[in-house]
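Subject: Structure for you to look at

Hello,

Here is the structure I promised to pass on. Please open it next to this email and follow along.

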Amino acid sequence: MSHTAKPIVTVYGDGQLARMMQPAAAELDIHLRILASSQEQSAAQVIPDVVLGDYHAYETLVSAAKDADALTFEHEHVPTEHVQALIDAGYNVQPQPSALLYAQDKLFMRQKLAELGAPVPRFAQIASVEDARNFAELVEGRVCLKARRGGYDGHGVWFPAAEELDSLVAELLEAGTPLMAEEKVNLTRELSVLVARRPSGEVKAWPITQSVQRDGICAEAFAPAPGLSPELAQRAAEVGELVATQLGVTGVLAVELFAYSVAEVDNWGSAASAAAASAAGFPSDGAVEDIAVNELAMRPHNTGHWTQDGSVTSQFEQHLRAVLDLPLGETTALAPVTVMANVLGGPEDPEMPMPQRVRAVMERYPQAKIHLYGKDHRAGRKIGHVNVVGEDVEQTRHIAADAAHFLVHAAWL
């Protein structure tokens, strides 16, 4: 880092994740620069130093990197060969392509995590219809088909019925979509482990988050995850730290986890067996849960937005600290529960202008913290989120959900 001028961080990306780094950058006197596709993009509206261009062009990446102390990302789509070329040219890129590869290709990620001993569902590469049939037989039809690259918010994921499998696989392979398959688990909930690591090795994790998905998109997040046994929470945190350190991730890493039911406590047959289950990280009543890694994201993540108002250090500040190899901030939660509710564009945009909707929410729920992304309405589009901290999970959830609902529909729940 330069000792003669404020540090410069270039972010490749122009969405809300880059936008939400700006307040933290301003407070730490870090100069933030972004590579954007247009001046109207979410981050370009609030960050003065904007380089316009296409991240697929190496020359454009270099022009945005000039004099930067660190280069980082808000998405995983910058071509790996360009990232390596930036490193070869002497730029400080965080995270590096050796780690990013495992966020870009789901099959490579599964193979590497299995090699490290991290919990993953059974999986296989699907290069033919025969591969798909063999895997379906292995997992007794519980098939989740995934595009190896790209895909988020429910895209690039299929749960084919037995009679649909052959035709779907043939169609996707013919279209040039590289595929993998994994076993569909008996999902009880989805969890997220958010950790940050800096190049010199320091790692810090936030409390485990539980997310609620609707139509493949994160709708709500709760932190800490309600009702999670201390043992399972500790195991999840260890998985996050294992992935961050063994893959050499720098910056914020989100490890999305499936929590799934493996048995009912009654099936253990005795108090001693139930105690053994609890000691293994399972709750002692209700469904017995285990965890498996679903996805990796090497950047700030939707399930970490609660940290803006519910943690000592937000994920956005922490990411900037990490990529500049600054000491990491404390990650302790500030309240018994923080609930994040996404503001997702409804089928129609209400006549009431958004500023009036914001004012109404402020009047009804002064404790609600509203974060908007400067995006126009589009059905299903993430246009903002609401954070609420509180003591009671259900009460806090209601306030966050009601506030988000009004921002979408101009009507209370």
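Start with Phe-222: its bridge partner in strand E15 is Val-339. Keep in mind that this is a predicted model. Strand E15 covers residues 337-344. It pairs with E12 over 4 bridges, in the antiparallel sense.

E12 has another partner, strand E11 (residues 209-214). Here 5 bridges join the two strands, and they run antiparallel. Look for Arg-214, whose bridge partner in E12 is Ile-217. E11 and E12 form a hairpin with 2 residues between the strands. Asp-215 in this hairpin takes a positive phi near 55°.

Now pick out Glu-220, which lies in E12. Is this residue buried or exposed? Its relative accessibility is 3%. Buried means under 20%, so Glu-220 counts as buried.

Which side chains does the Glu-220 side chain meet in polar contacts? One is the side chain of Arg-214, at 3.0 Å. Another is the side chain of Arg-397, at 2.7 Å.

Glu-220 also touches other residues beyond four places away in sequence. Among them are Gln-210, Ser-211 and Val-212. Met-340 and Ala-401 are on that list too.

Best wishes

Definitions and conventions. Residues numbered from 1 in each chain as written. Predicted model: local features only at pLDDT ≥ 70, side-chain atom pairs only at ≥ 80, totals over all residues. Heavy atoms only, no water. Pairing = 2+ DSSP bridges. Buried < 20%, exposed > 50% of the residue type's maximum accessible area, 1.4 Å probe, protein only. Polar contact = N/O pair within 3.5 Å; in protein donor to acceptor, adjacent residues only side chain to side chain. Contact = heavy atoms within 4.5 Å.
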